[in-house]
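The domain division of another chain follows.

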Amino acid sequence: MHIAPILNALRRNKAGAILIGLQLALTLAIVCNALFIIVQRLGYIGRESGVDEASLFVFRNVWVGHSELDSSTLIPTDLATIRATPGVEDVYETNSFPLSGGGWSTGLSLEQDQVKSTAQSTVYSADEHAIETLGVHLVSGRNFTAEEITDLAPNHNVEPSVIIITQDLATKVFPDGSALGKAVYMGGRTAPPSTIIGIVDRLQTPWVGNSWGDKFFLYSTLVPYRMLSTVGTFVVRAKPGQRDAAIKAVQERLYASDRLRIIPWVRSYGEIRARAYKKDRGMAMLMSIVCTALLLVTAAGIVGLASFWVGQRHRQIGIRRALGATRNDILRYFQTENLLIAGAGIAVGAVAAVGLNIWLVTHYEMARLSPLYVLTGALIILVLGQLAVLQPALRAARIPPIAATRSV
Amino acid sequence: MDSSLNLYYVQLAIRSLRRNPFLTALMVLAIGLGIGASMTTYAAFRAVGSDPIPWKSHQLYMPQFDAWGPTGRSADGEPPDAWDYDDAMNVLKLHAAKHQSPISPIGFSVIPEDASQKPSAVEGHAVGSEFFGMVDAPFRDGTGWSAADDETRAPVVVIGAKLNEKLFGKASGVGKTINLGGEAFRIVGVLKDWNPQPRYFDLANTDGFGDPEDVFVPFNWVIDKQLRSHGNNNCNEASPPGWDGWLHSTCVWMSVLVELPAAADVDTFRRAVDGYAADQQTSGRLKWAPNNRLRDVPQWLEHMHVVPDEVRVLMLIAFSFLAVCLVNVVGLMLAKFLKRAPEIGVRRALGASKLEIYKQFLIEAAVVGLAGGVLGLLLTLIGQRGVLDLFDVQSDQLKHIDISVVAITLGVSLIVTVLAGFYPTVRAASVRPAWQLKSN
């Protein structure tokens, strides 16, 4: 197929070629970045929290008409009530949980007077039932014992003598893998050392959707404390298949045992996850809608413009056919022409895609686009262009040679 | 003569659009989708980034105090977003601003008198007496409390419209008492439905959007009763144990709002806070030079990143999509106009000037733009709710159809389509009549 005559013809009718090429270029730039955002967000949403989400539900409890110190007995009483509820496997009380959106964080240091901590970590208060309830696994060391759980009065610092940390945190603080049995310092300059007695495989931090939290999202520390407060958070593990019944039963029993409480919310982990990732899911969905709409609009536009163009060259096509061109020749002519335009459009579009990405990276903390996306996008645009021009090209191929002699 | 000709052009446009419904539908769809996407994201951007108190936002300031020094600063050298208690109280005592208030989020359990009813929770803020005047809080009944009430730590409360309706129905709760967390509070004021979006006076603890507040109580009372804030608490070093240890530490948790009407007031206040910081440095309590900030509400909203990046990215992508749709429409209009080359040739041969051809086709573009605008408007109204719900914004403006949104959408659609129609129109007008009239 000779390219030169095609290019010559295009040069004579630049407008149409530029319009199609420009559309393809812009579509490529947008689709590449939109796809990238979608994949990024889906990856973000797909991160495993490390807990057995299918069996768990969480609720907040506010003790009314009691002082904070009363929770020293209120918490064990409520835990016993919940544990005795049919459908409940286990439960523990805590300050926060993965994907909750809020919680405590602190720095872990190797030396007592370190200015900058070695690693940032979230702090989850826990008792000896926490690991069982959450469904996380101890890869080394041991769980807390009941005797190690002590009360932490309000406005007192978290200075536990023993802690359990996640594997990722252990590797960060002790890259040689020797974390078990070692001591770290949590909190301020006068903090006593905390010995790592156990390491669990994976436990996510509460924060989702901010770049600060993302940096340490698998660094969690369990501390053996009963936080004395008027507000408590209970994480409950239901027996298989009995979660919804357990949710109802637990609330009934708690209110029956002590009316002076408020349970502002009860959420299954599915709801917790949905709330945490609402924005990310929404972005992925919106980007998908825009991508689809964009591809449809571009395809339709190419069909429309190409049809018109074929109509303009009705006579020329007839002449070519009269001179011996086969239907296939005509078809291939238009497809090659489209390929050339698409090629130019893709070249410009690829540059635009990278440019758009760089702009997003500098202004909005996005990651760099990998060339794979540009290639995939280019392929999609190429196929799109070829499919869109197929119908007008087929119509052109059907023009009979007699059109060369007709005056209309 | 002119207006009837223009009307004729409109008729011609409609007739031509009807003659090729597929192409017309394509153009209207392209414009509609592009406009819909752009206007939806723009409306979301406006709602999230709107000035919550435009008549006063340049007089209200959120100062920041550097209580942590160089080791506690973020990479950009900014001091913390919240204040610690001692420094806030000391600066407030200077009375260097026309009006001022401490602010901190607080919550209570409401114990109903009826023993068969369950207790419920209310959320709100602990503020100073001057707060209500500063934020122009609209009262349905009653007023805020007085400065004397601040001093005497009187248990008074201003409640929100929703709580009032829940407790007292249509009647006003002013003068009645409400049991908050075991203490009887006297209701001195009931607010109208008030929920500034974003909640600019407490961005240190929320992202600015959420349900309206139930209660406002005196800040001094809350401190006296040793009730911790329901918001964030950030400490750069461990505080001594106990309430007083925490209260007098450098843990930051509260906000300060000041009103500084004139530029001179701004200078006075800034110098007062910097002077206080310099005193602290001299006395050795704080070991660094003053590093304070004083931002008015719009600057504060910007600094606290109230507009999520996602909204901006969405807007960028949507407007790029509109650009593609417009290029698309240029092509389609080019096709449509040039197909009628014979008709144009006849008109020109019969004496129509180029200007008339311009008018005819620009009016046709305008008709397409209007139709696309209507479609875009429908899509915007649907899409707006979805996108704003995504970012948890409750905008009162959305409850009724905003005339300005309608006007802007149709206006933008009209303008961009006419602009897109310029090149095709130029091509159409340069059709040579003689060529079109030949039998070819």
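Two strands are taken to pair if DSSP finds at least two bridges between them. Helices (H or I, at least four residues) and strands (E, at least two) are DSSP runs, numbered from the N terminus. The model is predicted: local features need pLDDT of at least 70, side-chain atom pairs count only at pLDDT 80 or more, and totals for chains, interfaces and linings use all residues. Residues are numbered from 1 along each chain as its sequence is written, and chains are lettered from A and ligands numbered from 1 in the order in which they are written.

Strand β9 (residues 255–259) of chain B has two antiparallel pairings, listed here with a residue pair for each.

| Strand of chain B | Bridges to β9(B) | Facing residues |
|---|---|---|
| β1 (residues 60–64) | two | Y61(B) and V258(B) |
| β2 (residues 99–110) | five | P102(B) and V256(B) |

A residue counts as buried if 20 or more other C-beta atoms lie within 10 Å of its own, exposed if 12 or fewer, and partly exposed in between, with C-beta atoms placed from the backbone. Four of the five residues of β9(B) are buried, so this strand is largely enclosed by the rest of the structure.

Helix α3 (residues 85–93) of chain B has Y85(B), D87(B), A88(B) and V91(B) buried. Among the elements covering these residues are β2, α8 (243–247), β9 and α9 (263–283) of chain B; contact here requires C-beta atoms, placed from the backbone, within 7 Å. Just after α3(B), H95(B) adopts a positive phi of about 50°.

Chain A is divided into domain 1 (3–46 + 279–404) and domain 2 (65–259), with bounds from an automatic or database domain assignment. The C-alpha centres of these two domains of chain A are 55 Å apart.

Terms used
Two residues are in contact if their C-beta atoms, placed from the backbone, lie within 7 Å.
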